[in-house]
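Have the model open while you read.

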Amino acid sequence: MIIQRVVLNSRPGKNGNPVAENFRIEEVNLPNNINEGQVQVRTLYLSVDPYMTLGHALLLLFFLPNSGASPCGPVWYGVLLLLGLRCRMNEDTGSDYITPWQLSQVVDGGGIGIVEESKHVHFTKGDFVTSFYWPWQTKAILNGNSLEKVDPQLANGHLSYFLGAIGMPGLTSLIGIQEKGHITAGSNQTMVVSGAAGACGSLAGQIGHLMGCSRVVGICGTQEKCHLLTSELGFDAAINYKKGNVAEQLREFCPAGVDVYFDNVGGDISDTVISQMNQNSHIILCGQISQYNKDVPYPPPLPPAVEAIQKERNITRERFLVLNYKDKFESGILQLSQWFKEGKLKIKETVVNGLENMGVAFQSMMTGGNIGKQIVCISEETSL
């Protein structure tokens with residue numbers, strides 16, 4: 001059987017910007033037979049992600065109730081690797097527990113697919129499965145132990161949502177706000193979200209309101225995104241950092257200062273936000289995408305003047321590790337699913353079609369071309 005796959009064609013270098021040409025597509029033969037313990041899958045959706053900066057990765061365990069007592073499916077909803085695709089593009093990831101992609105070898109990441117043939121006791125033909133070691137190819141033969149079933153009911157049949165809002169980005173936003181935002185309903189808190197139209201940011205602003213913030217302001221890079229935030233996602237105001245003076249607009253939209261900052265970008269934007277944060281306020285350090293193409297430590301150090309403000313005002317800025325809160329994953333996934341089904345959590349995706357466009361989607365995601373989660377649809381047919 002002839003299939004298509006994406007391999008790493010070249011590396012961008014430590015300080016280089018990833019481009020679509022770093023990847024190439026090729027055709028290979030897929031064996032006709034599978035061995036015991038293996039399954040043959042057809043890829044439905046693949047994910048491209050920036051979440052962790054260079055050299056950092058986390059193992060996430062989604063722990064959900066038993067299928068006998070709950071519609072949530074099996075006990076283990078998934079074992080997912082939260083990895084930064086950007087860090088895997090170079091020869092040294094900076095980590096002992098995640099390996100770089102190899103030149104001319106197939107690339108992998110988050111994926112959802114359907115089982116076409118199974119010789120594994122836990123899977124049957126027609127099951128929907130996920131893995132965060134999913135090869136970027138149209139079909140694959142995988143070790144069944146690397147896969148987990150997903151229950152389409154949690155996402156009202158939107159399988160790609162398991163790579164986004166009802167998955168790791170959703171959990172990152174929810175638990176980050178719960179644990180690092182220190183939001184108290186009724187206390188008139190203002191939240192600012194940078195990268196506000198991305199996979200995590202678009203959820204974080206909505207969750208901030210749901211948890212009690214009285215005002216949520218988003219920062220993004222286009223007027224289209226600003227309009228989306230305020231007209232569809234419930235943000236009270238939005239700032240296009242490419243137009244006008246961000247500091248002035250923050251003062252206008254956050255007259256009482258900033259109490260919670262959900263930081264996805266770092267750099268100059270974050271320095272500007274921090275300078276307007278209140279005493280005893282809190283930074284949720286989710287990402288630093290403006291720094292991902294630079295060889296800097298994580299989290300990147302603040303400029304001396306901004307660091308002085310942080311210390312003087314007792315602003316918390318702690319690295320957020322979702323792994324530390326795995327006891328909250330069960331309730332988190334169920335909460336995200338409930339909000340979505342009730343219409344309280346709007347989910348946005350940017351979907352690109354075709355395996356041949358994986359590199360284009362990756363480059364676009366790294367430069368802010370996506371609204372919501374960046375997804376690549378490999379096959380729209382969800383039945384056998």
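Asn-245 has a relative accessibility of 38%, so it counts as partly exposed (buried is under 20% relative accessible area, exposed over 50%, partly exposed in between, with a 1.4 Å probe and protein chains only). Keep in mind that this is a predicted model, where local features need pLDDT of at least 70, side-chain atom pairs count only at pLDDT 80 or more, and totals for chains, interfaces and linings use all residues. Residues are numbered from 1 along each chain as its sequence is written, and side-chain values use heavy atoms, with hydrogens and water left out.

**Asn-245 and its contacts**

- You'll find Asn-245 in the loop between strand E12 (237-240) and helix H5 (246-253); helices (H or I, at least four residues) and strands (E, at least two) are DSSP runs, numbered from the N terminus.
- Its side chain reaches the backbone nitrogen of Ala-247 at 3.0 Å.
- The Asn-245 side chain also gets to the backbone nitrogen of Glu-248, at 2.9 Å.

**Positive phi: Asn-156**

- Asn-156 isn't a glycine, yet it has a positive phi of about 50°.
- Look for Asn-156 in the loop between strand E9 (148-149) and helix H2 (168-180).
- With a relative accessible area of 48%, Asn-156 is partly exposed.

**Positive phi: Asn-188**

- Asn-188, a residue other than glycine, has a positive phi near 60°.
- The loop that holds Asn-188 runs between H2 and strand E10 (190-194).
- Asn-188 counts as exposed because its relative accessibility is 55%.

How values were computed
Polar contact = N/O pair within 3.5 Å; in protein donor to acceptor, adjacent residues only side chain to side chain.
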